[in-house]
Protein chains: 2
Amino acid sequence: MIVSIFSKQLSMNQNHSSASTPVATPTDLTILLEPVKDELEAVERFLNSNLIDDSPFVTELLAQVFKSGGKRLRPALVFLAAKATLIDKNQTDERQVILAALTEFIHSASLVHDDVIDNSSFRRGQETVNRKWNEKLAVLAGDLLFAQASICLSRLMNPRIVGIYGQVLGDLCAGEIRQMRQQFSLSAGWDNYIQKSIWKTASLFAAGTQSAAILNQRSESEIEDLKSYGVNFGICFQIVDDLLDITGSTSSLGKPAGSDLMQGLITAPTMFILERKDAQAERLRHLIETRAVASAEGQEESLSIIRNNGGVESTVELARKYASLAQNCLAQVPASQSRDSLEYLLDWLLTRTN
Amino acid sequence: MIVSIFSKQLSMNQNHSSASTPVATPTDLTILLEPVKDELEAVERFLNSNLIDDSPFVTELLAQVFKSGGKRLRPALVFLAAKATLIDKNQTDERQVILAALTEFIHSASLVHDDVIDNSSFRRGQETVNRKWNEKLAVLAGDLLFAQASICLSRLMNPRIVGIYGQVLGDLCAGEIRQMRQQFSLSAGWDNYIQKSIWKTASLFAAGTQSAAILNQRSESEIEDLKSYGVNFGICFQIVDDLLDITGSTSSLGKPAGSDLMQGLITAPTMFILERKDAQAERLRHLIETRAVASAEGQEESLSIIRNNGGVESTVELARKYASLAQNCLAQVPASQSRDSLEYLLDWLLTRTN
């Protein structure tokens, strides 16, 4: 609710410099992804391909994981980055489909393992692997998705991209481990928060946009710009995710608001309150330190403190800052419909509700 | 006990054709691995290196996983294959250490995930990650070991080896999934059993020996020989593993004999009995079909039927067959101490008790 009130102020809507500037910034994801519609359909088919063996069961497992859909934001960024940096726009490149699929395989593997860890039964309305079969199979299914990603990686025949994704796998684990070890900890600062967001989220987005430019054999400076776009997009995405935990509704999130807080995950909206030196900060600190925040009442009180003392507004500002940094990375990218989408997606990020 | 009775007959001990033929076949692993002692020390250090970040906790996690030791058989095969196919034996190649480490990282990742799945508290006398910390961290620790492997893979800068290990990851999952789905199933035949053994076990051994030869830029026929050696070594290793579940003791195995049977895993010793058309076969089939084999009495009766009706002897013969196939793959490998060890390791395999 709160996010939708703010969304009107959020639109970055500043002098879009591309050839096809529309009057208003589109924030409808379907419109934004129109330039890569065919590619997203191709990746959807690819995600369901069993690259490992001829077992119908492995195929069934993949279908179960991927039928819940999802926004396919990582593949979309790969394709948009690929098209925006391609000289011959009509050339289709099967390697970009493989790159997009590999990025989504890694994302899905981490979700399947998260569902085991959190003992979740549903994701986007579909049964999780651990619920439909069992935990043992779900651990294996996650590993199997990593294996699918590795097979994709080998098909690209590009050692530099192997290195990038190797580091991404490490970053994902490093981010999750750091998050787990800092539950209920009040001592971690902003650098730590941003670093964790890079590891957990932004690294994978950045690997996709950077590698798309590498496959297109762009210059080092263009590759670096696309990577930085992905990093800043990813940090912004994570900040908005953390914001939605404070402002979102169960129906839009698919989980109750305040879930992060209950688990002792201290994110931007909470950190903005804690850094103040007033009674509200003291009270919130107390609720976390005593772990009262893990109870329904403590959680409700904490959410109120954060919502009523500017935690949301400050977090929106922080997200805008990273969206703006991402936008700056597009300065040298030539005008095209795909470049427009990369830019407007930053507006969409700031207004998304799930 | 039964294995040690048979071990005297098992030694293949047939006209070893190398330069330094000893009088008796050494079956002491320390002696067999002497040619690669320095390399195994180097890999031990490498296994404890945190390739992901500068977090002391990740380093602590790696130390916990690797301090339980283990025979490091996969790294040993990599180094022996590397030395046996190297023209300048004094040349040291850091890439072989990375290859060996990557092979052990993948093996360890699957063990850490197995321990989560089986809720095991100890492995080789050391606390498992799930016991020392928790399940959530153990799922992540397995993923982290896969990430370490991926980073090693990228450092080798060899697209062919990336492809080999990508397929290995798929094979490991395919093997585990097939095994899980065939629990208590009596319809799977020998082809299925061997295929499962290749996926679960032999693929990783073969990836190591094959890739060692690739890094040494050997001819395609030499690379193929080393790969086949690894496949047959691995199948033999798995058959002996399955045998030890029938003949071994809790003290040597670190788990009770008959554990596989209790879980409904139908392996070679059981299959040899089941394919007979007599009352013993009928009784064993009944114990499995009714799942009586999962009870202490049913398990004891099943073990007796298998042990007293030639299940052990037939399995030993099968293992010898694959050891012999592996030995044949060494025919074109020039005489050296490392080649001897590759050959004598096959004898060791047939006599090992854990």
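First, the conventions. Residues are numbered from 1 along each chain as its sequence is written, and chains are lettered from A and ligands numbered from 1 in the order in which they are written. Because this is a predicted model, local features need pLDDT of at least 70 and side-chain atom pairs count only at pLDDT 80 or more, while totals for chains, interfaces and linings use all residues.

I start with chain A. Its secondary structure comes to 18 helices and two strands. Helices here are DSSP runs of H or I with at least four residues, strands are runs of E with at least two, and both are numbered from the N terminus. Chain A has 354 residues, of which 52% count as buried. Buried is a count of other C-beta atoms within 10 Å of a residue's own, with C-beta atoms placed from the backbone: 20 or more is buried, 12 or fewer is exposed, and in between is partly exposed.

Next, contacts. Two residues are in contact if their C-beta atoms, placed from the backbone, lie within 7 Å. Among the contacts in chain A with a separation of 6 or more, 76% are between residues 24 or more positions apart.

Now the domains. Chain A is assigned domain 1, covering 1-22 + 160-168 + 185-354, and domain 2, covering 33-157; such bounds come from an automatic or database domain assignment. Between them, 26 residues of domain 1 of chain A are in contact with 23 residues of domain 2 of chain A. On the domain 1 side, helix 9, helix 10 (190-215), helix 11 (220-247) and helix 18 (337-351) of chain A each supply at least two residues. Helix 10 of chain A has the largest share of that side, with nine residues. By class, the domain 1 side divides into 13 nonpolar, ten polar and three charged residues. For the classes, Ala, Val, Leu, Ile, Met, Phe, Trp, Tyr, Cys and Pro count as nonpolar, Asp, Glu, Lys and Arg as charged, and the others, Gly among them, as polar.

On to the interface between the chains. Here 37 residues of chain A are in contact with 37 residues of chain B. Which helix of chain A gives the most to the side that touches chain B? Helix 9 of chain A does, with 15 residues. The side of chain A that touches chain B divides into 23 nonpolar, eight polar and six charged residues.

One residue there is A:His113, in helix 6 of chain A. A:His113 counts as buried because it has 27 C-beta neighbours inside 10 Å. Leaving out residues up to four places away in sequence, A:His113 touches A:Gly142, B:Val139 and B:Asp143.

Two helix pairs next. Two packed helices are described by the angle between their axes and the distance between the axes. Axes are lines fitted to C-alpha atoms, for helices over the stretch in contact, and angles run from 0 to 180 degrees between N-to-C directions.

In chain A, the axes of helix 17 (residues 311-328) and helix 18 come within 9 Å and cross at roughly 170 degrees. Helix 17 of chain A is therefore roughly antiparallel to helix 18 of chain A. The cut-offs are under 35 degrees for roughly parallel, over 145 for roughly antiparallel, 65 to 115 for roughly perpendicular, and oblique for the rest. This contact of helix 17 with helix 18 of chain A has six nonpolar, one polar and two charged residues.

In chain B, helix 5 (residues 73-84) and helix 10 (residues 190-215) pack at about 30 degrees with their axes 8 Å apart, so helix 5 of chain B is roughly parallel to helix 10 of chain B. The contact of these two helices of chain B has nine nonpolar, two polar and one charged residues.

Last, two loop residues. A:Asn119 is not a glycine, yet has a positive phi of about 55 degrees. A:Asn119 sits in the loop between helix 6 and strand 1 (122-123) of chain A, and counts as exposed because it has 12 C-beta neighbours inside 10 Å. A:Gln217, also not a glycine, has a positive phi of about 55 degrees. A:Gln217 lies in the loop between helix 10 and helix 11 of chain A. Buried or exposed? With 10 C-beta neighbours inside 10 Å, A:Gln217 counts as exposed.
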